[in-house]
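Take a look at the model below.

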Amino acid sequence: MPAPFNLAISLDASLQAAATAAGLETPFAAEVRGADPRHGDFQANGVLGYAKARKLNPRAVAQQLVGALPAEVTAAYEVAIAGPGFINFTLKPAGLLGWLQAHARAEQLAAGAAQSRTGEAWILDYSSPNTAKQMHVGHLRSAVIGEAVARLLAYSGAKVTRDNHIGDWGTQFGKLIWAYKRHVDQAALARDPIEEFERLYKLGNNAADADVAVMDEARAELVQLQAGKPASLEVWRQINEASLRAFQQVYDQLGIRFDLTLGESFYNDKVARVYEELAKLGLAQESQRALVVFHPEHPRFKEQPFIIRKSDGAANYASTDLATILYRCEVLKATGMLYVVDKRQSDHFEQLFLTARKWFAATNRPEPRMEHVDFGTVLGENNKPLKTRSGENIKLKDLLLEASDRAYALVCTKNPDLPEAEKRVIAEVVGTGSVQYADLAQNRSSDYVFAWDRMISLEGNTAAYLLYAVARLRSIFRKLGAVPGDTAGEAAASGLETATELALARKLMKFPEAILLAAGQMRPHFLCLYLYELAGEFSAFYNADKVAVDDPSVRARRLLLCARTLLILETGLHLLGLRTLERM
């Protein structure tokens, strides 16, 4: 029988069976989790709560439970009762080797991981920049975290639809079209359309602020756009097409892809239904000419209305977000939606979800799962939001270019004899990966300081450190003329013996727990920490235990450990959205 992918889940099931065999009352929760390495690999804590609720001796219950464990568990684990009734499980060396041999290929790992969230279907809403503007550093976190969460959920068995809900509609287009018709520089537009659109928007915005007549003309331009006037729509299409091309260049560099790009404009003809239904149901009412939803039962929102149509009759984020939820449920058949958006929008999403739940309940529609996957701000080393010295937002394409330039200097220092073209490729992979990983390695709910020296370094929990570990593993196989995951060669492996072999094997075996934790909480930093610790365990093993030994069985088992470390490091980094390298 092959070793199960997630040993903690398997142990939990075995303990449930043992509880039934021992005659324990239901319900019984084993509460299996990873243990302090000093005590074992896994610990079951459920006996204490069970015994306390029934005024039983927990240690006696633990002994009863251990005595009823299936034979395959006691054969694979050292089992010990600690303290008042904790049950500790330490996988024997043969069990560790068995797990490693059962998960020799990427598809075996993926098949095991895919069991945890089968049947779930999520729409993942992330990135979502505004058209006519450059993507800047403020767009980094949503894009990078959203892609990593999408990959983690899909790897865990969920059906994931990635939706880039771009901002391609609204009042800013009136000002932009006004400026375009009067001040466009066709040469600049041909050279760099986004730069020109940004210039025009600033010009139109400043002119509208300074002159009421210009503001009225901009509003008229917006009305003509919303009414579908061909000339206005043509300018709007030109803006959006140029914007999407510019966005795609950044997404390609970051390895990000979307299944859908349904911007706010897509829902322009769908918001009227939202107004009508909410008003008819008595959930929305007019207040100061705006259409609003009150939530008097909510401690913070009882006097803060959720405005779903502005006083001038225009739609806003609330209008299109509600229409989006309805469309995703009715047309896309989504059962859940995740919004990877700055935590400063928390109030908006709390009111949005509360409004949607009341709406769906009143119309007897199945309520979708909705969650705000929030994140903090990227700060400069002055602990203020990261900006240029002049106070402007840093363009994302410029940030990634600087990362590649800095990584190039590192590559030239580390491996100056590589061909120039290869050094440039490595620099781009390491530079981009460093920006992504520095973001993902933080708890997403926290702000973090963007520091180049820490980010692009071969020391510490960085992309460069992990990518170098992968390249070093690839180098080992090249030098020995071996192939990672060679089944025939690994069949000759003898049992694990040394302390560093066993420590590395135990860390490898914990990969399923890292995936479960990172995907379950939608916090990629748990996977980052695991990969960093795994690379550290591999370094300790490699420094202590020579791989190229004469004894074929010892050589085989150490190459097996190298192969699994390579497989899991590459798998984990790809799940985070990073590319890996053959050499650095």
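What follows describes the sheet, then the pockets.

## About the model

This is a predicted model, where local features need pLDDT of at least 70, side-chain atom pairs count only at pLDDT 80 or more, and totals for chains, interfaces and linings use all residues. Residues are numbered from 1 along each chain as its sequence is written, and side-chain values use heavy atoms, without hydrogens and water.

## The sheet

An open, antiparallel sheet holds 4 strands in the order β1-β2-β4-β3. Strands are DSSP runs (E, at least two residues) and helices likewise (H or I, at least four), numbered from the N terminus. Two strands pair if DSSP finds at least two bridges between them. β1 (32–34) and β3 (77–82) are at the edges with a single partner strand each, so one side of each lacks a neighbour in the sheet.

β3 and β4 (residues 86–91) are antiparallel and joined by 6 bridges. V79 stands opposite F89 in β4.

## The largest pocket

A pocket is an open set of points on a 1 Å grid over the protein atoms alone, where a 1.4 Å probe fits, with protein on both sides within 12 Å along at least five of seven lines; lining residues have an atom within 4 Å of a point. The largest pocket is lined by 40 residues. Nearest its centre lie S128, N130, H136, G138 and H139. β10 supplies the largest share of this lining, 4 residues.

## The second largest pocket

Here 18 residues form the lining. α23 gives the most, 5 residues. Domain 1 (7–91) and domain 2 (93–120 + 394–584) both contribute to the lining of the second largest pocket, so this pocket lies between them. The domain bounds come from an automatic or database domain assignment.
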